[in-house]
Amino acid sequence: MLRYRIIPVTPFAQNCCLLWDDATREAVLTDPGGDLERVLGIVAQEGVRLEAVWLTHAHIDHAGAAAEVARRMSVPIIGPHPGDQFWIDALPEQSKMFGFPRAETFTPDRWLHDGDQLRFGTLHFDVRHCPGHTPGHVVFHQAEARRCWVGDVLFAGSIGRTDFPGGNHQQLIDSITHKLWPMGDDTVFIPGHGPESTFGEERRSNPFVGGT
């Protein structure tokens, strides 16, 4: 069974998540942007075995600690899509700009593309490429649990910014309506910031994509 714990990190309160398979105790971290000692303390507290880092995209608050996690825990970095290479290259500059601890660049052990699948323990996830917030943004969908990790594509009551380099508002709307909505109204999504919601709730009430 899929279990997860949301761990807000960095001054931006970004939702890093620890996901694990209750049967095998294998786990992954999504979007470890910072506050690494606290994050790894929670990994130890839950008594799980970290297998990988998964990245939705490469903005500093999502990827700032990825290289250090991978090195310290001897795990691979999976994702995002190659479209975010320039954001990975810019991590040191991003960290300086926002006053974060210095972030390291890295090369993911595996780039992700639309339609890829990921697995740990007995669980498998579908990958969807959802550009708009960044060119290489991906999301992770676990159909059996009706859960999707959407990074900064969609929020409860809002959508991702598109005014950063590589952002595109129409691409973002298309990603939400063509990639997320088909997952079903009852699917709960875990956004990069703020509380969980469901796709159905956002289709009904989100002022940016409601009614689409």
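Let's start with D114 and K179: in this predicted model, their side chains meet in a salt bridge, with N and O 3.3 Å apart. D114 sits in the loop between α5 (91-98) and β6 (117-120), while K179 belongs to helix α6 (residues 169-180), so the pair ties together parts that are 65 residues apart in sequence. D114 is partly exposed, at 41% relative accessible area, and K179 is partly exposed too, at 25%.

Why can such pairs form? Side chains of opposite charge can pair when their charged atoms come close. The count here comes to 15 salt bridges, and the table shows some of them.

| Salt bridge | N to O distance |
|---|---|
| D114 and K179 | 3.3 Å |
| R3 and D22 | 3.5 Å |
| R161 and D163 | 2.9 Å |

Now take R3 and D22. R3 is in strand β1 (residues 2-9) and D22 is in the loop between β2 (14-21) and β3, so this pair links parts that are 19 residues apart in sequence. R3 is partly exposed at 35% relative accessibility, and D22 is partly exposed at 30%. R25 joins in as well: R3, D22 and R25 are linked in a network of salt bridges.

On to helix α3 (residues 66-73). Its buried residues are A66, A67, V69 and A70. Seen down the axis of α3, they fall within an arc of 165 degrees, so they line one face of the helix. Their cover includes β3 (26-30), α1 (36-46), β4 (49-54), α2 (60-63) and β5 (77-78). Just after α3 comes S74, with a positive phi of about 55 degrees.

Key:
Residues numbered from 1 in each chain as written. Predicted model: local features only at pLDDT ≥ 70, side-chain atom pairs only at ≥ 80, totals over all residues. Heavy atoms only, no water. Buried < 20%, exposed > 50% of the residue type's maximum accessible area, 1.4 Å probe, protein only. Helix = DSSP H or I, 4+ residues; strand = E, 2+ residues; numbered from the N terminus. Arc of directions from axis to C-beta. Contact = heavy atoms within 4.5 Å. Salt bridge = Lys/Arg side-chain N within 4 Å of Asp/Glu carboxyl O.
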